[in-house]
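Morning, everyone. Please look at the screen, and keep the sequence in view while I talk.

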Amino acid sequence: MSGHGTTGEPDAGAPGVSGFSAGEVVSSAGGAARSAAGRAPAPVSLAELERQVAEHRDGPAYGQDSLISCDRLVRIFTADGVEVQALQGLDLLVGKGELMALVGASGSGKSTLLNILAGLDVPTAGAASVGGYDLLAMDAKSRLRYRREVVGFIWQQTSRNLLPYLTSAQNVVLPMQLSGRGGLRHKRQRAARAAELLGILGVSHCHDRRPAQMSGGEQQRAAIAVALANDPAVVLADEPTGELDSATAEQVFGAFRTANEQLGTTVVVVTHDQSVADAVHRTVAIRDGRTASEVVRRTEIDEHGRESVVAREYATVDRAGRLQLPRDYTEALEIRRRVLLELQQDHITVRPDDHPESRQD
Ligand SMILES: Nc1ncnc2c1ncn2[C@@H]1O[C@H](COP(=O)(O)OP(=O)(O)OP(=O)(O)O)[C@@H](O)[C@H]1O
């Protein structure tokens, strides 16, 4: 398909695409062929084109204002001579103070992304930064510092988050000791911070208990306190409620919300739990190693002062202009290889290709 960028036609701006109910739309990187019925935009003067180019050149760099920025991230694993592309050019921006979830089918690349953000794995290509740290360029020393002070991580397996022979309070103090914050003379302050964090997360009663003396939910809440010990910019959690019943999961998720609201920590949670996904500000769906769609929730107040949460689903447009059409949409209209695009004043119409050859598979 020839693209808008290659036809010499001016960029018609960025008409909004909203209200998708899920899944995948596809317009190609170079854009799609304009349909005969599509309205070509009015010719633009050379001066206007030059202005647009200058505006683009002088604009802020991608992700400059974001805490987390992933730009065309690729991660290829090789196992037994077979290559698996776990991330296939994933773009993601997360702002400071966000509480967001990553969802997606098994094998879509969620854990791979989280491990990269945690500094546990390195991408094959692309760019990624968290809190100003370039995740592809860190040396061993800054990687260690990054993992101790910039990110906190919570695993699904409760047993993996806490050392079994230490109490909750000792588990929370440990990362502070390891990072050398304040040195030994601040031992009392570290103990006070551990107690404060356990209190904020509702597990003060577990202060002197070891993990074996705590429920799964209590262990996960103590694990969040451990992750928060060094006051990280972001807390990452991979299926943190996966081993818990729904009532306990609710309490654990409440602890993430508390960390976000009271401490201002940015929280990114990978989850299969729909109630968790429904409770965050933004849920990003990953499909085949790329971000595909996202749901944004806002609290709105009507004219009677009543509050309600309004959720809106969007298809994400990546840096190359690609978006994924929801699979149920493409199946419903038997869309296979290509679509007709029509540029309207404030939206783009996507129609099934009515040419007979497009119906052959
Ligand atoms: N270390 C590895 N070596 C080889 N392949 C891997 C490795 N880690 C992940 N993969 C592959 O990369 C793809 C993405 O895996 P990933 O664990 O990120 O998916 P996921 O979305 O987290 O899945 P789940 O929800 O089941 O945890 C899968 O095909 C997986 O088999």
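How are helix 5 and helix 6 oriented to each other? Before I answer, two notes. This is a predicted model: local features need pLDDT of at least 70, side-chain atom pairs count only at pLDDT 80 or more, and totals for chains, interfaces and linings use all residues. Residues are numbered from 1 along each chain as its sequence is written.

Now the helices. Helices here are DSSP runs of H or I with at least four residues, strands are runs of E with at least two, and both are numbered from the N terminus. Helix 5 covers residues 168-178 and helix 6 covers residues 187-200. They pack at an angle of about 120°, with their axes 9 Å apart. Axes are lines fitted to C-alpha atoms, for helices over the stretch in contact, and angles run from 0 to 180 degrees between N-to-C directions. Helix 5 and helix 6 are therefore oblique to each other. As for the cut-offs, under 35 degrees is roughly parallel, over 145 roughly antiparallel, 65 to 115 roughly perpendicular, and the rest oblique.

Who touches whom? Contact means C-beta atoms, placed from the backbone, within 7 Å. On the helix 5 side, the residues include V172, V173 and M176. On the helix 6 side, they include A194, L197 and L198.

Seven strands form an open sheet in the order 7-8-9-4-10-11-12, with mixed pairing. Two strands pair if DSSP finds at least two bridges between them. Strand 7 (151-154) and strand 12 are at the edges with a single partner strand each, so one side of each has no neighbour in the sheet. Neighbouring strands are turned by 20° against each other on average, direction ignored.

Take the parallel part. Strand 8 (residues 234-238) pairs with strand 9 (residues 266-270) over five bridges, in the parallel sense. There, D238 has V270 as its bridge partner. Helix 7 (residues 216-228) packs on the sheet and touches strand 7 and strand 8. Its direction makes about 165° with that of strand 7.

Now the antiparallel part. Strand 10 (residues 282-287) and strand 11 (residues 290-301) are joined by six bridges. I286 is paired with T291. Two residues lie between these strands in the hairpin, where D288 takes a positive phi near 50°. Strand 11 then pairs with strand 12 (residues 307-315) over nine bridges, again antiparallel. Here S293 is opposite A315. That hairpin has five residues between the strands, and G305 takes a positive phi near 80°.

Technical notes: Contact = placed C-beta atoms within 7 Å.
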